[in-house]
Amino acid sequence: MAVAIRQLTYAQAINEALKLEMRRDPRVILMGEDVAGGAGITNFEQDDAWGGVLGVTKGLVQEFGRERVLDTPITEAGFVGAAVGAAATGLRPVVELMFVDFFGVCWDMIFDQGAKLRYMFGGKASCPLVIRTMIGAGMGAAGQHSGCHYSVFTHMPGIKTVVPSTPADAKGLLTAAIRDDDLVVVFENKMLYNVSGAVPEGEYIIPLGKADIKREGSDVTIVAISRMVHQALEAAEALAADGISAEIIDPRTLSPLDEQTILQSVAKTHRLVIVDEDNPRCSAATDIAALVADKGFTDLDAPIKLVTAPHTPVPFSPPLEQFYIPSPERIIATIQEIMG
Amino acid sequence: MTIRQNGGGAQTLDRAPLLYMYEQMVTIRQFEERAGSEFAAGKVPGFVHLYAGEEAVAVGVCANLTDDDFITSHHRGHGHCIAKGVDVRAMVAELLGREAGACRGKGGSMHIADVHKGMLGANGIVGGGFPLATGAGLTARYNKRGQVAVCFFGDGAANQGTFHESLNLASIWKLPVIYVAENNGYAESTPVTYHMSCRDISERAAGYGMPGVTVDGLDVFAVYEAAHEAVARARRGEGPSLIECKTYRYFGHFEGDTVTYRTKEELASYRDRDPIKAMRRTLEQRSIASSGELDAIDKDVAQRIDDAWTYAEAAPLPAPEDALTDVYVSYS
Amino acid sequence: MAQPLVGIIANPASGRDIRRLVAHGTVFDNNEKTAIVRRVLLGLQAVGVTRVAYMPEHDFGILPRALDGLSGIIAEPLAMPALGTSIDSTRAAQLLAAADAGCIITLGGDGTNRAVAKGCRTVPLLPISTGTNNVFPSFLEGTIVGMAAGLVARGCIDTDAIRRFPWLEVLVDAKTREHALVDVVISSHPFVGARAIWDLSAVREVMLSRVAPATIGLSALGGALLDHTSEADNLPGMHISLGQGGKQVLAALAPGLVSWVAITAYRRLAIDDGAQFQPGIGTIALDGEREIELTTTSVVEVRLRSDGPFVVDVNAALIAAARAGYLHRT
């Protein structure tokens, strides 16, 4: 990887990935609600266009025009399904499902059409579609705009799921997703959009299905998903002061999952804690726990622990919302429980 | 075979395309009748939904399309497959779950597809095809070579949210999509007079800013003419339209359906208006073909259907481990 | 004496044919037709007519829906099977004539009214346009139609407000097959197909029962050919032959579709005048819809006849009723 000189925010890194891919491949188009903004208004100053509800896709309509950056009506089943149909017939759409919580409105098009058409057609078709969607609590957006739910997508055969935690990972993974010939859902944590990090210039990919060791350690493996990587890093700092060395694995992709990196780490540390902002039942956390309980059983010196959101919707009031999100304190307490 | 016409619709159809359309209709009828009897004999796993009676719609529409155009279909999809040129032997093999099937045995009756022929699949979800066809229309607009997409759907699907979403989207983006309603009067066991808030599906088109037309779906010439105009309009870049074909299915919603919700008299009255017999009569009365010629086509089709079943029954089943392949293009 | 009876024949299938696609035909959805009929019923009731008989339908049911919630009107479906074809309109008209209906209100286009005219005998019609070309029916407001029809049925209207129109008789191989209200077209279109005619390139002969430039359809062609000869203006009909080589006329053939049409010959038709043709393979269209398929030997004869339907002039009817005092009371 090239030496990174400049800092970009997570949102800017995503924007750059989209821009570079749209320049490279004319078949890449963007679709979604307000991804450009102001569609159909005459005498509209294009620079005033929203570029997405949180500005992530700003500037793209200016470069690529409204034939390639398409604002859609609020009609998720219609336009996500149209993106599936376009992908199956030769385009490479990147469609935005504004908040992951909206997936109920278009789930058929994702899991029963897009995810399955290659298989049901005996491998004679494919759906090279990227769905970008926002996840995560912490903004006070409440019950229908704050979930994670990547577990539901990960569960479905035919879908690949990507959960970047840093700007550099976001750019590389989104690039890989766009170049991937399968249906990939990229879950962007909205609380990370303004987080800065070093991001290499130019085109690069981070392969799907490769985890990243965000922090090396020897006493406990923390597998942390998306924004929880940052919670885990904070916890690890505090634990180091107590002489506990935590290794943090960022899976980066949930489907396909880099099992080997996780198992190798557990073989080294003998303890596993999984931090997941999603609800606990049938989650990515329980999935990884089952995997390690099976294939890493003899390496474990302690039960596998899960630090997750509770089995509730996301509450509104700030103290309630903060209680909901796994905190560094809860991670520390959980690790201390299984040490020694 | 593709039928290309330079304007003028059905009245400029020559003998060859007319005989081709007749043969297509007969192929669908015989395919469905054979599939029904083999299903009743326990030879076909799962479900089958037979298109017999509705042939004029698939054939009348698809006669205006080429392999470069797209169609989406639904659970009652055999007719659309045949009309779009999917290989009959591969279709039978798919019904029987053979490796040589159109989908290598992975899809079955409700998911037969041939994407290279623009047949984007039969679909088990009512209303599933609308957005897919609309997306194919988006690709067609992007490609700028005059392609169109056709969405076949039933009266039941006209109430699904995806109908409304897709017509709206195709309208605001002026996509080259033709939405073809096959109104056979029943959504499973529920009649249209109950389930629809309007009498004719075509009435809904005006609400989405596109022309809506109702034609007699038992008359292949009427269907052909309407589809011809709608396809020409779409190719010219003038946007989407909706054609409603009033038709009738001879068999139940699925095979095994006891069809208690329709009367024998109603079925008999529709058998009297059989679309294939009507086309035959027209061809003979206008001296376009003799009854001997048409009988020869019928016989030829019967032989081909027979051969397809022989072929498919002898074809091997896939290995059990093949269940694991074709989920993804690649999966590290 | 029995209460005056008014008949209503509302065609649920009108206004959705291919002219919505190849021209810019109006869409009258059936919910709007229901609203029109409701206005008609309220108009009838306002002038004291509460007995209505109507054509039943086998699916939508415009009349039952329009009647829903209205009290004081006795409305019965006619005793006939509802087949869902144009035969229903003819049968309904026959039954209404047999029941001595004072007036029949129709909702439909030329095609609907043609079917009604074949059965209504001398019962006057009040046609509301909900079809496409609408030479015969007009765009009329339902409430006013209800009032006028009710007054006609009560016998309050001067017969000057009711006119009898000539129509065209079509014979094939010497047998009367059909009648048309406005136009008969012979074309080389080999199939009935989607019925409507919007492309005149295959049309050979046009027979008109009236010539009127301010209409849509082939009667507009006749209207464009009006000349200054006063004698010719007294003849109701016209026979036009189409083809290259002569003059061209500008006519509105369908909604939004105005074309120059090349004609080779034309002449006015008096009552009982007509022509005979042996056109070969083709179709005869009646009032804008292909109906009859011809063989190579078919002999077609078209004659203008005087015994067409009676039609109420709504404007004249209400003026007459007002003058006669039916719209006053103390």
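This is a predicted model: local features need pLDDT of at least 70, side-chain atom pairs count only at pLDDT 80 or more; totals for chains, interfaces and linings use all residues.
Is the crossing of H9(A) and H10(A) left-handed or right-handed?

1. The crossing of H9(A) and H10(A) is right-handed. Helix H9 spans residues 259-269 of chain A, and helix H10 spans residues 284-295 of chain A. Their axes lie 11 Å apart, and the packing angle is about 60 degrees. H9(A) and H10(A) are therefore oblique to each other.

2. On the H9(A) side, the residues that meet H10(A) are Glu259(A), Ile262(A), Leu263(A) and Val266(A). Their counterparts in H10(A) are Ile288(A), Leu291(A), Val292(A) and Lys295(A). Sorted by class, this contact has six nonpolar residues, two charged residues and no polar ones.

3. Chains A and B also touch: 37 residues of chain A are in contact with 35 residues of chain B. On the chain A side, at least two residues each come from helix H3 (76-88), helix H4 (103-114) and helix H5 (117-120). H3(A) gives the largest share of that side, ten residues. By class, the side of chain A that touches chain B has 19 nonpolar, twelve polar and six charged residues.

4. The contact between chains B and C takes 27 residues from chain B and 22 residues from chain C. On the chain B side, the elements giving two or more residues are helix H7 (192-195), strand S6 (212-216), helix H8 (220-235) and helix H10 (275-285) of chain B. The largest share, seven residues, belongs to H8(B). The side of chain B that touches chain C divides into eleven nonpolar, eight polar and eight charged residues.

Conventions: Residues are numbered from 1 along each chain as its sequence is written. Chains are lettered from A and ligands numbered from 1 in the order in which they are written. Axes are lines fitted to C-alpha atoms, for helices over the stretch in contact, and angles run from 0 to 180 degrees between N-to-C directions. Helices (H or I, at least four residues) and strands (E, at least two) are DSSP runs, numbered from the N terminus. Angles under 35 degrees count as roughly parallel, over 145 as roughly antiparallel, 65 to 115 as roughly perpendicular and the rest as oblique. A crossing is left-handed if the near helix is turned anticlockwise from the far one by less than a right angle, and right-handed if clockwise. Two residues are in contact if their C-beta atoms, placed from the backbone, lie within 7 Å. Ala, Val, Leu, Ile, Met, Phe, Trp, Tyr, Cys and Pro count as nonpolar, Asp, Glu, Lys and Arg as charged, and the others, Gly among them, as polar.
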